[in-house]
Amino acid sequence: MMKVCFHGLASLMALLLVGSAWAQSQDTRTMKLASAVPMDHPYNIGARKFADLIKERTNGRIEIKLYPSNQLGKGEREMTEGIQQGAIDLLVSSTGPLGGFSPSINILDFPFLFRDFTHVDLVLDGPIGRKLLDDFEKAQIKALAFWENGFRHLTNNREPVKKVGDAKGLKIRTMENKVHLAAWKAAGLNPTPMAWGEVFTALQQKVIDGQENPIAVFHSSKLWDAAQKHFSLTAHVYSPSPFLMSKMIFEALPKEDQTLFLKTALEVGKFQRKVNRDAEETKLREMVSRGVQVVRDVDRESFKRAMSSVYDQFSSQFPKAEIEAIMNAK
Ligand code: EAX
């Protein structure tokens with residue numbers, strides 16, 4: 001009798017344990033967080049932090065798996081479509097192709113719009129930045145916060161570029177971004193839009209002579225192996241990276257999780273920007289040790305003058321007052 005009771009109790013305990021484990025597995029969910037860059041890029045240092053914090057703050061209910069290096073699409077435009085359709089949960093993307101989804105975001109792509117990182121934070125963390133993020137909702141995208149790509153610099157395989165005249169006729173890749181394309185055309189170069197996933201091979205095969213990106217992208221993609229021997233610190237445009245979420249997936253979350261995702265995305269945004277900025281000098285030194293010639297004394301004014309016509313070119317879509325509200329922010 002005792003034996004029967006004992007076995008009965010043991011199987012009941014086992015059932016309860018299995019039951020709660022099963023119930024718990026039913027509560028946990030796994031989300032996909034995509035990006036176009038390798039794991040050691042600050043995007044993914046931020047993404048790792050975000051995933052860890054969300055897991056901790058939901059007691060393991062929400063797991064986030066990272067998919068770097070265009071694993072979920074040929075480039076950021078394709079992955080943003082995945083966000084709209086709910087096939088991808090989260091994405092860190094440059095503003096490159098995003099103007100095709102939320103046109104107002106292109107206002108951040110004008111050359112020499114920002115003075116420095118302090119100016120960037122002032123605008124992106126203020127009402128102007130919040131409005132630009134909220135505009136994505138019309139495209140079925142929830143833009144949670146601004147993470148960072150960084151100030152972009154020109155690189156090439158032909159010669160050291162100190163002033164805009166040195167870059168004349170260079171065939172370079174740009175993001176799929178109308179403002180960037182117009183700026184480089186105005187500067188006398190020969191720009192061609194291309195998804196990031198195609199650039200390394202195009203550089204190696206000399207289909208293009210150069211490209212422009214922040215230090216972290218150049219470093220994490222090892223562009224010194226794609227004949228990019230000349231790196232000019234042009235800082236011709238600041239590149240923000242909205243941290244995007246599928247709107248339908250966001251809205252399906254319980255309210256407290258929505259609040260948690262927003263709060264954690266903003267928090268990690270500050271952390272991610274700092275990681276990016278603090279690592280730039282070290283990465284430049286490593287690039288020099290890999291045979292890259294870094295041109296520091298660039299005549300930026302020559303680029304600024306040569307690109308300035310784009311402000312008039314797009315003034316109907318981006319009126320002077322809106323541009324000045326950003327430029328004059330203090
Ligand atoms: O977001 O396409 C680009 O040049 C971007 O800077 C890159 O994908 C990282």
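Is histidine 219 buried or exposed, judged by its relative accessibility? In this predicted model, histidine 219 has a relative accessibility of 12%, and because buried means under 20%, the residue counts as buried. The points below place histidine 219 in its helix and then turn to a helix pair and to the protein chain as a whole.

**Surroundings of histidine 219**
- Histidine 219 lies in helix α8, which covers residues 215-220.
- Once neighbours within four places in sequence are set aside, the contacts of histidine 219 are Trp224, Lys283, Glu286 and Met287.

**Helices α2 and α10**
- Helix α2 (residues 42-57) and helix α10 (residues 255-289) have axes that come within 8 Å and cross at roughly 150 degrees, and this crossing is right-handed.
- On the α2 side, the residues that meet α10 include Pro42, Tyr43, Phe50, Leu53 and Arg57, while the α10 residues that meet α2 include Leu260, Phe261, Phe271, Val275 and Lys283.

**The protein chain overall**
- The protein chain contains 13 helices and nine strands, and its C-alpha trace spans about 95 × 45 × 30 Å along the principal axes.
- Of the 330 residues in the protein chain, 54% are buried, and among contacts with a separation of 6 or more, 75% join residues 24 or more positions apart.

**Surface and charge**
- The accessible surface of the protein chain amounts to about 14700 Å², with 58% of it belonging to carbon and sulfur atoms.
- There are 44 positive and 38 negative side chains in the protein chain, and the centres of these two sets lie 1 Å apart.

Notes:
Residues are numbered from 1 along each chain as its sequence is written. This is a predicted model: local features need pLDDT of at least 70, side-chain atom pairs count only at pLDDT 80 or more; totals for chains, interfaces and linings use all residues. Side-chain values use heavy atoms; hydrogens and water are left out. Helices (H or I, at least four residues) and strands (E, at least two) are DSSP runs, numbered from the N terminus. Buried means under 20% relative accessible area, exposed over 50%, partly exposed in between (1.4 Å probe, protein chains only). Contact means heavy atoms within 4.5 Å. Accessible areas come from the Shrake-Rupley method with a 1.4 Å probe; for residues, only the protein chains shown count as cover. Lys and Arg count as positive and Asp and Glu as negative; His and the chain ends are not counted. The place of a charge is taken as NZ of Lys, CZ of Arg, CG of Asp or CD of Glu. Axes are lines fitted to C-alpha atoms, for helices over the stretch in contact, and angles run from 0 to 180 degrees between N-to-C directions. A crossing is left-handed if the near helix is turned anticlockwise from the far one by less than a right angle, and right-handed if clockwise.
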